[in-house]
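Please read them with the model open.

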Amino acid sequence: MTTTTHAQTGDGMAQVSVNPLRAGIESSRISDPCTIVFFGASGDLFKRMLMPAIYNLRLNDILPSHFGLIGFARTQYTDEQFRDYCKQCVNDFSRSAPVKESLWNDLAQRISYISANFDDTSHFEALAKRLEEYEQQFGAGHNRLFYLATPPSVFPKIISQLKRAQLDPDRNTKGWSRIIVEKPFGIDLASAQALQKEVEKVFRESQVYRIDHYLGKETVQDIMALRFANTIFEPIWTRNYIQSVQITAAETLGVEGRGGYYDNAGALRDMIQNHVMNLLALVAMEPPASSDADAIRNEKYKVFSAIELPTPEQVFQMSVRGQYDAGTIGGEAVPAYRSEPDVRPDSNTETYAALKLNINNWRWAGVPFYLRSGKRLARKVSEIAITFYQIPHRLFGEKSDTIEQNVLVIKIQPDEGISMRFNAKVPGQKNHIRSVTMDFNYGTGFGVQSAPAYERLIADAMRGDATLFTRWDAVERAWEIVMPVLEVWQSIKDRAFPNYAAGSDGPQAATTLNPGWRPL
Amino acid sequence: MNALNVEDLLGALAHERRDRGGVSATSLNVIAFVENDDRLLQWMAETSDAFAEAHGFRIVLLDGSRTPESHSVRTHCREMGETLVTSLEQIQLGVSGMGAQELRSVVHGLLVPNVQNVLLWGGSHVGDERFSKLAELTERVVLFSSSSDKALESLRELTRLERTPLAERIRDLAYMRLLSWQDLTAQFFDEPDLIQELPSLTAIDITSGSDPEAYYLAAWLAGRLGWEPCGDLQFCNTAGDGIRVNFHKEGLPRRIRSIRLHSKSCTFGIAISPDAEDLICLTVEGDKARPMRCVPLHDVDIVSLVERAIFSNTDGGVYLDTLDVLRRLFESKQA
C-alpha cells in the first residue's frame, strides 16, 4: 500500500506537501520550469539543430510545463518573423517535420526575439526585462538557460554583458542560471584558458555546460553501459587482453562552405581535441564510484592526466597529418582542399589527423590508442574498435585458414550499435575456421531510432545533469595533450600536402603509424 | 492433443526455422489466448510481426473456438548484418474442448525453456480455470479488460483477484493506456500553489468512450488521495467530505476525452482540443486561474502498449491500490 503525504491544518483541511499523484508515474518531463535564451538564434546551428531539437522535446513532452524561448541575435526580426523562421527551421530540419499546427501554435506563443548588438548593454537589459515578463507570463520560475550558439569570438563579450545587465547567477536568487557553451572551447590552450577566465568571472563550474554533441549520441552513452552494466567485458578490458584501440571519426564531406573557419582550425582542433578525446576517455576510464556527473568526470580527467605528452622530437613518431587532394566520392569528382572557397591556396591546415597515444597507468600501459579523423575520406564512419590479442596457441583450422583476432566495434555513426567479431567452425567435415560478426543495432535491437544528440543534451542542461558535458579540467588537459602536436605542425610546413586523394582512406603515411587501421 | 502432437508441432517449427534463418533470437515466450473473437485472433497474429521487429519471441496462439486439428506454424526472419535471424516463431493451435490441466500441459511443452513467459489473455473472463492454469506458467499476465462487450463485468471480475498473489503480475491495458492522462492530472499539482487544492476537491467529471477507463481513473485518484468509497459513485476524503464522481460517455471506446476536477475555488480541466484530436489542453479556472496550455496527446500504439505491459517494472503498488479501491467501490455499489 502506498501512502499519501498529508498534514492537518487548524481548519481541519489537510495540507499536501508532496504530490501524491506522482507516485508510480514515470515521466521524462523536465520538472523545473525554465526559459532558454539562444544567443546566435539566426545562425546555422540554431536553424539545423537547436530549434528542431526544441520542437522535438516539446513534441515528446519532455520540455517543462512552463517554458519560454527567447532568440537573441544580430539579424533584424520581429517576434512574428522569428516565430515563422523557427517554424521553417523545424519544417526543414526536424525528424518530426512537418510541424503539427496545433502544437506549434501553443509553442509559438512562448517564443520571442530580441534583435541585438552584442556590444550594447541596453540590449542585454532588454533581455533581462523580457525574462522577467516571461517569468510572470509563463511561470518560468526564474530558471534561465543561456545557450551560446554564436561564433566563439563573441563568447567573452556575451558573458561579460550578462553580468553587466545583472543576469549573472549571483543576482538570480529566485532560481538557477546556467550557460551552455558550444565547441570549440578556445582554439588552443592559451585561448581556452583565457575564455575560461572570462567564464569564471560570472559562472561557477557547476553552472557551465560545455557541449560536445558526440557525448549526446546514444552509442557514446552506451559505452559506459556496455562496460559497467555487464560483467563479461570489464575483466578483459585491460592490457592483458587488449592489443590496441582504434578510434575513428571519418567524414566524406569537405569543409561545406566553412573554409574560412576550418582553415584556421584543422582536424586536430576540430575533431580530435574534443570529440575523439572524449571517446577515448569513455573507453579507458576506470569504473566510477557512482553515476553522479562528477564521479564520471573525475575518472575521465584521470585518463587524460595519464596520457603521455610528446616532446617536440616525438611528434612525428606519434602523429600523421594529411590534406586532401581532388578525388572522387560516391562517383562524384570533388575538388582539392586548397581549391575550396575561403581556403588559402598554400594552406598548411591538416584535413586529416592521426595520433598514437599511450596511457600510462596499470590498466593501459603498453596498449596503443590510435585516433584518426579526417575529411573527404572513403566512408563516413565513427567507431571505436577494440582489438584483442591473437590466440596464444592454434588448435583449430586448416593451414589455409586465417584465425582473425577478436574485435569489438562500438559503432557511433552512421549506424549506432555494437558488433563483435569472433571465429567459428564452418559446418562440414573439415575443421575450417572463419570469422563471423555478431551485430547489435540500436534501430532493430530496441525498435526505436536514437534521438538526435542535441535533444538529449539540451534536456540534460535543463535538468542540471552535467554528466554528458565536459568539465574545464578535462578541456584544459585535452588541449595540453594536443598542443605539442599542434605547435610542431604549425611551425613546420608539410611540403607533401596535399597527400591523400579525396575518397581514399587517408595519407599513406598513416599506415606507418598503425599498419592495422581498419579499412574505411 | 497428446505428447506426440506437441513434438510434431515443434518439429514443424524447427523445420520452418531452418528454411528461413539460421539463428534464433528467442528471448520470450508469449502465450496468447483468444476465444470467440476472430478479429482479436487475427490482430494478435498481425501484431506479432510488428512486435518481432524489436524482440525475438515465440508466440503460442491459442484459439479457444477451434479444435486441436486446427493448427499451424510459421516464422518471421529479419536481417541483422550478414545474418538472417529468426525473430518470431508462431504456433497457432485450436484448444476448444481442452481441459484447463491438459491445456497447461500442452502449452508448457511448446515453450522455449529458461526465458520469460507472458500470458496475453483475450478470453471472456478471468474466473476461467484455463486462465489460472496458464497464468501459473508465466511471470506476467496482460489483460484487455476494456475490449469485451461486457467490459465493466470483466473489470469487476478482475478486482476479485486483487488480493491474490497473481495480482502483482497483472497488467491491464485499459489501465496502462491512462498513463498520459494520469501524468497530465498530476502536472497541475506539481505546482506548489496548486497542490493545496487537492484536499479540497469536491467533484470529478470524466468523459470517455467506455466504462473501465473512467472507473480506473476515478479509482486511481481516490487511491492516491486517500478517499474511501462511500456510496454509489461517491468517495469521502479524510475529513469526511463527499466527492461526487460523474461519468459521461462520449467518443471512441477505450479512450478518455476529458477530465475535470472541481475544488472549492478552482476547476482543473484536461480535454482533447476541439481543434485537433492529437492535442490535449490543460486549463485552471477560478481563484488560481492559469493560461491554457496544450501538449501533444501521447496515444501509445497498441504494440508499444503491449511491449510496455510486458517489460515495465512495478509501479510501487499504485495499480494494486487502484484495484483495491475499485473492488470496494463495486462492493459498496452492490450493497
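The points below cover confidence, a sheet and a helix pair.

1. This is a predicted model, and confidence is the place to begin. The mean pLDDT of chain A is 89, and 95% of the residues score at least 70.

2. Strand E15 (residues 368–374) of chain A has the highest mean pLDDT, 97, while strand E1 (residues 6–8) of chain A has the lowest, 45. Over residues 1–12 of chain A, pLDDT stays under 50; for this stretch the model has 24 contacts beyond four places in sequence.

3. Chain A contains an open sheet of six strands, with parallel pairing and the order E5-E4-E3-E6-E7-E8. Strand E5 (111–115) and strand E8 (208–210) of chain A are its edge strands, each pairing on one side only. From one strand to the next the twist averages 20°.

4. Ala73(A) is found opposite Ser115(A) of E5(A).

5. In chain B, helix H2 (residues 38–52) packs with helix H10 (residues 302–311) at an angle of about 70°, their axes being 10 Å apart. H2(B) is therefore roughly perpendicular to H10(B), since angles from 65 to 115 degrees are counted that way.

6. Which residues make the contact between H2(B) and H10(B)? H2(B) contributes Thr47(B), Ala50(B) and Phe51(B), and H10(B) contributes Ile302(B), Val303(B), Val306(B) and Glu307(B). By class, this contact of H2(B) with H10(B) has five nonpolar residues, one polar and one charged.

How values were computed
Residues numbered from 1 in each chain as written. Chains lettered and ligands numbered in written order. Predicted model: local features only at pLDDT ≥ 70, side-chain atom pairs only at ≥ 80, totals over all residues. Pairing = 2+ DSSP bridges. Helix = DSSP H or I, 4+ residues; strand = E, 2+ residues; numbered from the N terminus. Axes fitted to C-alpha atoms, helices over the stretch in contact; angles between N-to-C directions. Parallel < 35°, antiparallel > 145°, perpendicular 65-115°, else oblique. Contact = placed C-beta atoms within 7 Å. Nonpolar A, V, L, I, M, F, W, Y, C, P; charged D, E, K, R; others polar. pLDDT = per-residue confidence, 0-100.
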